[in-house]
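Here's a quick briefing to read alongside the model. Have the sequence and the 3D view open as you go.

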Amino acid sequence: MSYSALQIWVIILGLGLGTYLLRFSFLGIIGNRPLPEWVLRHLRYTAVAVMPGLITPLILFPQATGGAMDPVRLGAALATIAISLWTRNVTLTIFGGAAVLFALHFGLG
Amino acid sequence: MTQHSTRPDYLNGCRDGLPFFLVIAPFGAVFGVVATEAGLDLAQVMGFTFLVIAGAAQFVALQMMVENAPVLIVLAASLAVNLRMAMYSAALAPHLGGLSFGRRAVISYLLTDQTFAAAILRYEQSAPRALHQKMAYFLGVATPVVPVWYLATWAGAALGSAIPPGLPIDFAVPITFLALIVPMLRTLAHVIAALVSIIAVLALAFLPFNLGLLIAALLAMIAGAETERRMAAQAAP
């Protein structure tokens with residue numbers, strides 16, 4: 001890395017400020033002004049629209065394996081989905097999924 | 001104005017935020033270790049962690065800095081990774097937009113993948129809560145999440161790696177998000193939005209700067225909203 005200390009701080013402050021403005025954008029500007037129904041209808045799907053796309057590459061092509069599909073990670077993902085459908089409890093699912101992940105890691109590894 | 005108790009909501013939020021420890025602690029520590037090894041000093045590492053609080057973008061910035069990319073390119077690429085925060089901000093506005101300007105400013109600082117996903121799941125699933133109860137829940141989720149992120153990064157930077165190499169800790173992220181997403185798939189419209197998101201992100205994987213994810217998310221939101229509209233039209237006499 002060959003940046004000056006100033007350049008590094010420009011990156012840190014720029015990324016920090018930019019990220020904050022993205023977070024504040026709609027929450028700050030719109031506030032509680034009523035939004036049209038068609039906008040609200042789209043916003044209702046934000047979480048299910050972003051999160052699956054965010055994690056799909058992490059599940060199928062993990063960086064840790066150089067992008068190769070990994071039976072341990074795939075198995076843990078499927079088990080996590082099954083535990084979620086079965087327990088309907090987020091906390092139990094997270095710990096159950098982590099337990100399956102490590103069981104498969106040490107069992108298959 | 002009716003006074004609603006916010007304490008149970010805050011405590012529920014804390015409880016629901018605790019399992020994120022599994023993600024936040026190792027990732028904060030890994031960021032601290034990797035950033036220090038890349039040549040950042042402790043103040044710079046903690047500057048990232050306090051001012052950005054967004055693991056994925058921090059790792060992207062760091063990776064590009066290791067490759068000595070121009071400052072503006074580092075900023076553009078890492079900010080692109082965080083564009084989804086604007087979508088979260090919009091999705092929270094109908095729930096928290098009634099708060100004072102100062103409170104919205106604080107909520108914005110604490111808006112992360114984890115706090116957003118936990119809060120939106122709660123707002124959509126539980127019985128309707130008053131504005132300040134919704135805020136209390138959000139702050140509750142952030143309480144164990146954000147300080148752990150600071151502390152873990154500091155520990156990684158100051159103490160070095162205590163995490164044995166080869167452990168699949170990267171996979172804590174997909175597990176926690178799966179645990180949050182599956183309960184959100186309540187209607188056909190939610191399922192279709194999720195499927196469109198998955199298919200589109202794979203089809204658009206060739207795009208740089210995470211743009212594929214943003215386009216996939218927009219397509220998925222449109223697909224979900226359109227399904228909802230058609231189903232409502234069908235259900236109407």
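B:Asn68 sits in the loop between helix H4 (55-66) and helix H5 (71-81) of chain B; helices here are DSSP runs (H or I, at least four residues) numbered from the N terminus. This is a predicted model, where local features need pLDDT of at least 70, side-chain atom pairs count only at pLDDT 80 or more, and totals for chains, interfaces and linings use all residues. Residues are numbered from 1 along each chain as its sequence is written, while chains are lettered from A and ligands numbered from 1 in the order in which they are written.

**Positive phi in loops**

- B:Asn68 isn't a glycine, yet has a positive phi of about 55 degrees.
- B:Asn68 is exposed, with 10 other C-beta atoms within 10 Å (exposed means 12 or fewer such atoms, with C-beta atoms placed from the backbone).
- Over in chain A, A:Arg88 lies in the loop between helix H4 (71-87) and H5.
- A:Arg88, not a glycine either, has a positive phi of about 55 degrees.
- A:Arg88 is exposed, with 11 other C-beta atoms within 10 Å.

**Helix against helix**

- The axes of H5 (residues 90-108) of chain A and H10 (residues 172-181) of chain B come within 9 Å and cross at roughly 145 degrees (axes are lines fitted to C-alpha atoms over the stretch in contact, and angles run from 0 to 180 degrees between N-to-C directions).
- On the H5(A) side, the contact residues include A:Val90, A:Ile94 and A:Leu101, and on the H10(B) side they include B:Ala172, B:Ile175 and B:Leu178 (contact means C-beta atoms, placed from the backbone, within 7 Å).

Notes. Helices (H or I, at least four residues) and strands (E, at least two) are DSSP runs, numbered from the N terminus. Two residues are in contact if their C-beta atoms, placed from the backbone, lie within 7 Å. A residue is buried if 20 or more other C-beta atoms lie within 10 Å of its own, exposed if 12 or fewer, and partly exposed in between; C-beta atoms are placed from the backbone.
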